[in-house]
Each structure stands twice: as C-alpha cells, then as structure tokens.
Amino acid sequence: MTGYIGKILRVDLTNENVKIENLPQDLREKYIGGSSLAAKIIYDEMPVDVEPFSPEALLIFATGPLTGTVVPSSGRISVCARSPLGIWGESHAGGLFGQHLKKAGFDLIIISGRAKKPVYLSVIDGEVNFKDASHIWGKDVYETYDIIKRELKDDTVQIGAIGPAGEKLVYYASIIFGIGKAGRSGMGAIMGSKNLKAVVVKGTGKIPVADENKLLEFAKEVQMQLAKSPVTQVFRKYGTGGGLESHYRLGNVPIRNYREGVWDEEKVKKISGVAISQTILDKITPCCNCVIACKRTVYIREGKYAGLKADAPEFETQCMLGLNLLNDDLSLITKLNDLCNRLGMDTISVGAVLSFAIEAYERGIITKQDTGGIELTWGPSENLVKLVELIARREGIGDLLARGVKEASKQLNRGSEEFAVHVKGLEVAAHNPRAFFGHALSYATMNRGGCHLAWPHNPDRGRLVPEIGITVQGDRFQSKGKAIMVKKMQDMMELFDALTMCKYTLSAGLTFTQVRTFFELVTGRRVTIEELMVIGERSFNLKRLLNCQWGISSKDDVLPKRLLEPQEGGTMGKVPDIEIMLREYYEARGWTPEGIPSKEKLRELGIV
C-alpha cells in the first residue's frame, strides 16, 4: 500500500536511543493509521499494569496514509497514550506537523522511557537528535518555539510543545502544534512525565501515492466543491463559532456549568464568531490543504488586553469560557484562550473546571480561604485569569483543580459530585446532550470519556450519510432507536481518525464515497464502504477492549446527574433515557450487558 513512508521511529528517552523499523503491511491493512494504529501498538506492546506516568508508558505520534498528500484537510496528527485518567487517551491536531513528520521519513514516532533531564527531540529529514531543554523547561509554548527556532536557525520547523501545565502534569495538559492543538485527554501531561518538552520535525521528502495524476485532478474537483459549500462559507468567514447563535437556540450549549438553558441572547451575540469577525479578526490561518479555513488569528485593539495578538477562540472555547461561565467579554475569552495555549491546557476542560470551582464556591464547598483570597463569581472577572495561572503552576487551589472535576469532587465531597460534569473523568464538551440525545449515548460510551467527536448531532440536523444507511433526519429528542445511528457515526469517525482527516469536511459536503476514492487513489487498495466501516468498528472495539483491561465497564457508561436534569430553552425540558439507549447500544455493538466486547465480536473483527 502506498501513502505510507513505511517507517516507525522508536525513541527510548531513558537511554537516548533510537531505532527505525518497518511498518508491517498487515497493520496498514487492518488499522490504517492514526489513533487506530496507535491503539493496536499499545494493545500489543504495553503491559496492562503500566500506569500513565510510568517511564514504561508509550506515547505515540501517528499520521495516516492521507497525511501530507493533496487530499483536502488531511494534514492532521494523532497523539495517543493511556491518559492521566487511566483510560484510553487520544488527541488530534491540524496544522503542518503531521505532513512534515511523514516527509521527514516516518509514519509514527513511538516514545518510551523518561529522560534524565528535560530534552526536546529533533527529527529533520531522517536525522534524529536529542537536544537539552533544561533552559526551556518552565517556558510557555510560544517562548519555547522562539528559543528552538533560534537554536536550530530555522523558522520553518514544525513544533509540538508543552507548556508549564504539561511539565506539572496537569491532567488536561495539551500539546500545542502552532495553529493545531492536541487539547483533550492530557497528552501534554504524558509528555511532561517523560521530561520531553517538544518534538521538532521538518521534512522535504516525497510521499508516494498510487495514482498521482488522478489524485491531483480529483482533489482539485473536491476542493472546488467544498469551497462552494454554505458551511465552508460560514466557517471561512466566521470560524467554527459562526454557528454559536443557532446552537444556543437549539439548547446545544453549556450555560452556568450546564445548569441552565437560557441566557441573554444579546450576550451570546457579543461572543459569537460573527462578533469576532466584526471586531477583532486579524487574518485567516488555514491548516494543510484546507479551503474550509476555520482557523484565524485575532488582534485586541482596545481595553485591558489591547495589543494582544493571538489565535482566535473556537466554538468549544467560546462556549466553555463564555456561556458556561456567564462571561460575555470577548476580549477576556480571547485572553483566557491565549493563556491556555501558552501554558498548554485544554480549553474545554479548563472551562469545565472553572465553572465547577465557581459553583462549589457559590455553595460554600470551596471558600475564600481555599482560594487564597480570590473571589470566584459568575461573569467576566480578572480572577479567572489568576485561577488559570494557579492551575497551570499547581499552586494553592490550582493543585486540586489541576486533577480535573472528577478528582476534585472526590476530594471536596459534600455533594460536589452532583455538579462535576464529566464522563470517565473527562470533562464533557460544549454540546448539550439534552439538545441531541445522540450525544448523551455517545458521551457515555466514547472511549476517551466525555468526547463529542462522533458528531451524532449531524444526522439529526439533516447531514446524512446514505452510504452507511443514515438516510433520514432523526428526531433529536428520541431515545429509542438512536443506538444504531450513534454506533455508525462512532465507527465512521474512527475511520477519519485513522486516515487523519478533518471531520469538518463532512459538514462541508464531502461524501463517504469521495473519502473512499481518496483512499484508493492514495493507497492503491480497492475497498468497499463496508470494509472501511469494519476498520472503524475494529478500532472502536480495540480501544474499548483496552479500557476494559484498565477497569472500565457498563458501570462507567453513565452521564453525570446534572446532564439528566430538565432545562428551559432550546432543550424544551427534554432529557434522554440513557438506559434504553445503552441496552440497544450494547446489543448493536455485540457487547455483553456489562459493556465488554464479546469474544465472538472480537473474533469477527480479527482483534483476537
């Protein structure tokens, strides 16, 4: 199969050794790449009892066969490990890092061990070097970029770096790849536990494809199609927050730690993607081969944060650091977003942790003495900036909050678990499961916890996938019969994360048939839609099997109490029946009532 470099780079940080291996053909065929291939390697090679922060734990940077080719929006990188929560962890980022890793000569980097002192790894056109990072340890992400580029005398290298939060093992520390952010699951903390400050890549090699001329012609055709899409027009003009107001009207946002369903719509407008474009937009910064171009930078021209130039907050961030905190100050949201990027933290989890802390303070569970004199209130406040800084440094109340809402509520107790909004320890993203019941089931069963990336709301908004039998728009408030759709969306999105392709292409009108065509033109392998879906299903089940080995079962496939309480507003007082959906889901998956993949299912998928 073409589309691969065919090489794995193994890095032993303890002994500063590297080893280059061939990427087996059977792994390419069964798991393709990205997080799917990473899961297979971890399943095969990492003993079950290896803890997340152990030197023996594996950290994998993985590309897919489409990465770095002319396929639209395919330049992504997957980072995978056992997360600080003790379950499956993965995060994905756009930008140019994935493309350069492949052109530097490798499909994957498998990292083990722990460096004796802080280091960064340099991978330049096949040459691998360990560089001392002692003088960079403690620096923020953007300072790290500047120092490394000066040392290497090259402004064009691509860097994935952690900030102080990763060094301090904050459970939701991220890895920042320039405009791309691997935010969720705490992969930055795993990197920090290995004393690895950054990975630097640059490559000029060629990525082989099966039919270069046809691929180029087809890619141009699809790029034109995507460019004309109404979704692309909105995203390009307003970013992912362009739909914030419509999501608010549907009830598909978090307000006041997911407690309420209604806010002042004028305040929603003040922090929307439209408001960003009208007031602080600087320029559009697309990812590799992407006409959707949802990424952008902003410039604050007045007020307290005048002079700040930063990456623009996206939909999840606008929700979690905006509506979720009753914060209608766009400049403050931008500041918090930039601070999270500099310190290296996931804005979704940060927003959830902040709202949890404010509610605990409101209820007297956290006191002013606990916070070191910082008053925690809903709405815009400079104290939010102070709290984010404390979390990243793990100082004072920040040390408690750095472990996420699950661990924080365990330690605080006193009923705080009732408003700790997480699934399996991962803070729930900004899509309200009371607005789209498919999200309720997906949140409960996604392998990394409260993850929204199966996008089960799409079919219920009319974005159908006829190739896999999703041909009719569903009722977003229906529980019975929802499981089949959710399973199919999860399996399809697993495939996207194996190919390392951006999911926004689907919203912009890319068809599954076109995805298959791209796969065939790149790899030379002829496949059916059904075969691709089996690969996605295999990946999902393998990650579930890993989770089961780490202690996950049906007892953990639950939603927090807060998300099952009726709200006013766009959710119209509806709540999902998670029990009905889970029963149907386990049956559709071929899992036992305990939520464990059956031996028959594992044999059918070729996992065992």
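**Close-up 1. Helix 18 passes helix 24 in a right-handed crossing.** In this predicted model, the axes of helix 18 and helix 24, the latter spanning residues 578-589, come within 10 Å and cross at roughly 65°. On the side of helix 18, the residues that take part in the contact are Phe437, Ala440, Leu441, Ala444 and Thr445, and they meet Ile578, Met581, Leu582 and Tyr585 of helix 24. Sorted by class, this contact of helix 18 with helix 24 has 8 nonpolar residues, 1 polar residue and no charged residues. Tyr585 also belongs to an aromatic cluster, which it forms together with Phe540, Tyr586 and Trp591.

**Close-up 2. Phe437 and Phe477 form an edge-to-face aromatic pair.** The ring centres of Phe437 and Phe477 are 5.6 Å apart, and there is an angle of 65° between the planes of the two rings; the pair is edge-to-face because planes over 60 degrees apart are counted in that way. Phe437 lies in helix 18 (residues 437-445), whereas Phe477 lies in the loop between helix 19 (457-460) and helix 20 (483-499), so the pair ties together parts that are 40 residues apart in sequence. Phe437 and Phe477 are both buried.

**Close-up 3. Helix 7 and helix 22 cross at roughly 155°.** The axes of helix 7 (residues 212-228) and helix 22 (residues 512-523) come within 10 Å of each other, and the angle of their crossing makes helix 7 roughly antiparallel to helix 22, because angles over 145 degrees are counted as roughly antiparallel. The crossing of these two helices is left-handed. Helix 7 contributes Lys214, Leu215, Phe218, Ala219, Val222 and Gln225 to the contact, where they meet Gln514, Thr517, Phe518, Leu521 and Val522 of helix 22. By class, the contact of helix 7 with helix 22 has 7 nonpolar, 3 polar and 1 charged residues.

**Close-up 4. Phe218 and Phe518 form a tilted aromatic pair.** The count of aromatic pairs comes to 14. In the pair shown here, the rings of Phe218 and Phe518 have their centres 4.8 Å apart and their planes at 55°, so the pair is described as tilted. Phe218 belongs to helix 7 and Phe518 to helix 22, and the pair links distant parts of the chain, 300 residues apart. Phe218 is buried, with a relative accessible area of 13%, and Phe518 is buried as well, with a relative accessible area of 0%.

**Close-up 5. Glu375 is found in the loop between helix 14 and helix 15.** This loop runs between helix 14 (347-362) and helix 15 (383-393). Glu375 is partly exposed, with a relative accessible area of 41%. If its neighbours within four places in sequence are left aside, Glu375 is in contact with Tyr361, Lys368 and Asn383. The C-alpha atoms of Glu375 and Leu387, which are 12 residues apart along the chain, are separated by 10.0 Å.

**Close-up 6. Lys153 and Thr500 have positive phi values.** Lys153 has a positive phi of about 55° although it is not a glycine, and the phi of Thr500, likewise a residue other than glycine, is near 60°. Lys153 lies in the loop between helix 4 (141-152) and strand 9 (158-161), while Thr500 lies in the loop between helix 20 and helix 21 (504-507). Lys153 is exposed, with a relative accessible area of 76%, whereas Thr500 is buried, with a relative accessible area of 2%.

Notes. Residues numbered from 1 in each chain as written. Predicted model: local features only at pLDDT ≥ 70, side-chain atom pairs only at ≥ 80, totals over all residues. Heavy atoms only, no water. Axes fitted to C-alpha atoms, helices over the stretch in contact; angles between N-to-C directions. Helix = DSSP H or I, 4+ residues; strand = E, 2+ residues; numbered from the N terminus. Parallel < 35°, antiparallel > 145°, perpendicular 65-115°, else oblique. Left-handed = near helix turned anticlockwise from the far one by under 90°. Contact = heavy atoms within 4.5 Å. Nonpolar A, V, L, I, M, F, W, Y, C, P; charged D, E, K, R; others polar. Buried < 20%, exposed > 50% of the residue type's maximum accessible area, 1.4 Å probe, protein only. Phe/Tyr/Trp six-rings, centres within 6.5 Å; stacked < 30°, edge-to-face > 60°.
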